[in-house]
Every structure is written in C-alpha cells, then in structure tokens.
Amino acid sequence: MAANGLFASIIQQAFPASQTGRVMGITQALISLASPIGLIFAAPLAEMIGIPPLLILAGGSIFVGNIVSLLLPDVKKLDHMTIMTDAEANDV
C-alpha cells in the first residue's frame, strides 16, 4: 500500500477512523488477488505476441484507463469529499 499514497488518503477521507483499517485490509487483499488473475491471462498472451509487445499493450491500456477515469464525474468529485467522522458514522 506504500505506492498508493493518494489512494490511502482518499480511503482515510471517505471512511470513519474506526473502519479505515478494515477497508484498507480488504482493499489490499483485492489488490493482491489481482496479480495471480492477471498472470493467468498475461502468460499465454506473452507466449503468443512476445513480452515487449505485451508490455507496450499493458502500458497503453493503463494510460487509456487513467484518462477515462479522469473523465468520470465521480472521480472529479473526490477533491470535494467531506471527512466522515466517527460521530457522523454512528448517525448513519
């Protein structure tokens, strides 16, 4: 989670302090699960097209995904989120 500092700050801002550890734990587990699933698809694809084209394809898809995510209205609203305190979480 060290490389995802901005993501961690968004999580801390969006969830009450009492739930932050649980949310980050579940998030880290899901991120860790993505690696073996990605390798299931990447290994046969690398054998078919080669490693350099696969890396170019992966980098391009990450770039396009980032551009698309920046165009989403919900992502634009992240800067204007309010911090939910423990007291507010108990009222919900």
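## Fold, a buried threonine and a nonpolar patch

From the N terminus on, the elements of the protein follow the order α-α-α-α-α, that is, five helices and zero strands. Helices are DSSP runs of H or I with at least four residues, strands runs of E with at least two, numbered from the N terminus. This is a predicted model, in which local features need pLDDT of at least 70 and side-chain atom pairs count only at pLDDT 80 or more, while totals for chains, interfaces and linings use all residues. Residues are numbered from 1 along each chain as its sequence is written, and side-chain values use heavy atoms, without hydrogens and water.

Of the 92 residues of the protein, 10% count as buried. Buried means under 20% relative accessible area, exposed over 50%, and partly exposed in between (1.4 Å probe, protein chains only). Two residues illustrate these classes.

A polar atom of the T20 side chain lies 3.0 Å from the backbone oxygen of P16. Leaving aside neighbours within four places in sequence, T20 is in contact (heavy atoms within 4.5 Å) with I11, Q12 and F15.

L70 also belongs to a nonpolar surface patch with F63, V64, I67, V68, L71, L72 and V75, with about 740 Å² of accessible area together. Helix α3 (residues 51-71) gives the most to this patch, with six residues.

Key:
A polar contact is a pair of N or O atoms within 3.5 Å; within protein, one must be able to donate a hydrogen and the other to accept it, and residues adjacent in sequence count only if both atoms are side-chain atoms. Patches are made of residues with over 30% relative accessible area and no salt bridge: like charges are joined within 9 Å, nonpolar side chains (Val, Leu, Ile, Met, Phe, Trp, Tyr) within 5 Å. Accessible areas come from the Shrake-Rupley method with a 1.4 Å probe; for residues, only the protein chains shown count as cover. A salt bridge is a side-chain nitrogen of Lys or Arg within 4 Å of a carboxyl oxygen of Asp or Glu.
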